[in-house]
Amino acid sequence: MPELKIDRGAGRPTDAAGHQAQGAGSDQNPERATGFLMRDNSRLMRAAFTERVIGLTQAQWGALAHLSRHQGLNQVGLADLLEVQPITVARLVDKLAALGLVERRPDPKDRRAQQLFLTGKAQPLLDQMWDAGDEILDAAFSGFSDDERQDFIEMMVRMRANLSRLAQGGGVDRRTLRHRMG
């Protein structure tokens, strides 16, 4: 099997003769590269969402969305979901509680912890968020057939499962990968 090296100019794996390695993805143009496209689409969707959900910051609507799916979560759990430090969530929850959107209740299983619950005042904002999300997704899928939309969603679900396994250390065995490339 040929040894691979990274071509620093092109940023992609090449063999000793300078030919691009098979399976490495032939197009690293940021306009076509999967990672760049996923990041750009996510950024554009967040920007469109922020324009439509007036009165909340991105962090606030993210917290409300997670709490709507995980009522009774504690601040550490919410911090994990939001991928921020617990102290950041404490300040965020303070603000949401001051707005009357979230309430803290003692955790019956842990005297030191508090569970987070949405109040009735949060529901109109959640409805606005879901409507904005539907509008943005409809625009994003403009020109897609119903089958293409469903196929894309199914592929994204499978990709998330693959990446979840990878993040948990269950990635592809490098020997298997080398065998495939050889």
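What follows is a chat about how some of those labels come about.

Modeller: Happy to, but bear in mind that this is a predicted model.

Biologist: Okay, rings to start with. What makes the pair Phe141 and Phe152 edge-to-face?

Modeller: Two numbers. The ring centres are 5.7 Å apart, and a pair needs centres within 6.5 Å. The planes stand at 75 degrees, and over 60 counts as edge-to-face, so that's the label the pair gets.

Biologist: Why is Phe141 called buried?

Modeller: Its relative accessible area is 10%, and buried means under 20%, so Phe141 qualifies.

Biologist: Then why does Phe152 count as partly exposed?

Modeller: Phe152 comes out at 37% relative accessibility. Exposed starts over 50% and buried is under 20%, so 37% falls in between.

Biologist: Let's move to H4. How do you know that its length is close to what's expected?

Modeller: H4 covers residues 86–98, which is 13 residues, and reaches 18 Å from its first C-alpha to its last. The expectation at 1.5 Å a residue is 18 Å too.

Biologist: Which residues of H4 are buried, and what covers them?

Modeller: Val89, Ala90, Leu92, Val93 and Leu96 are buried. The cover includes helix H2 (58–69), helix H3 (75–82), strand S4 (102–107) and strand S5 (110–118). After H4 comes Gly100, with a positive phi near 80 degrees.

Biologist: What makes S4 an edge strand?

Modeller: The open sheet has three strands in the order S3-S5-S4, with antiparallel pairing. S4 pairs on one side only, as does strand S3 (73–74), and these are the edge strands. H2 packs on that sheet, touching S3, S4 and S5, and its direction makes about 105 degrees with that of S5.

Biologist: How do you know that S4 and S5 pair?

Modeller: Pairing takes at least two bridges, and S4 and S5 have six, in the antiparallel sense. Pro106, for one, has Gln114 in S5 as its bridge partner.

Definitions and conventions. Residues are numbered from 1 along each chain as its sequence is written. This is a predicted model: local features need pLDDT of at least 70, side-chain atom pairs count only at pLDDT 80 or more; totals for chains, interfaces and linings use all residues. Side-chain values use heavy atoms; hydrogens and water are left out. Helices (H or I, at least four residues) and strands (E, at least two) are DSSP runs, numbered from the N terminus. The expected span of a helix is 1.5 Å times one less than its number of residues. Buried means under 20% relative accessible area, exposed over 50%, partly exposed in between (1.4 Å probe, protein chains only). Contact means heavy atoms within 4.5 Å. Axes are lines fitted to C-alpha atoms, for helices over the stretch in contact, and angles run from 0 to 180 degrees between N-to-C directions. Rings of Phe, Tyr and Trp (its six-membered ring) pair if their centres lie within 6.5 Å; planes under 30 degrees apart count as stacked, over 60 as edge-to-face and the rest as tilted.
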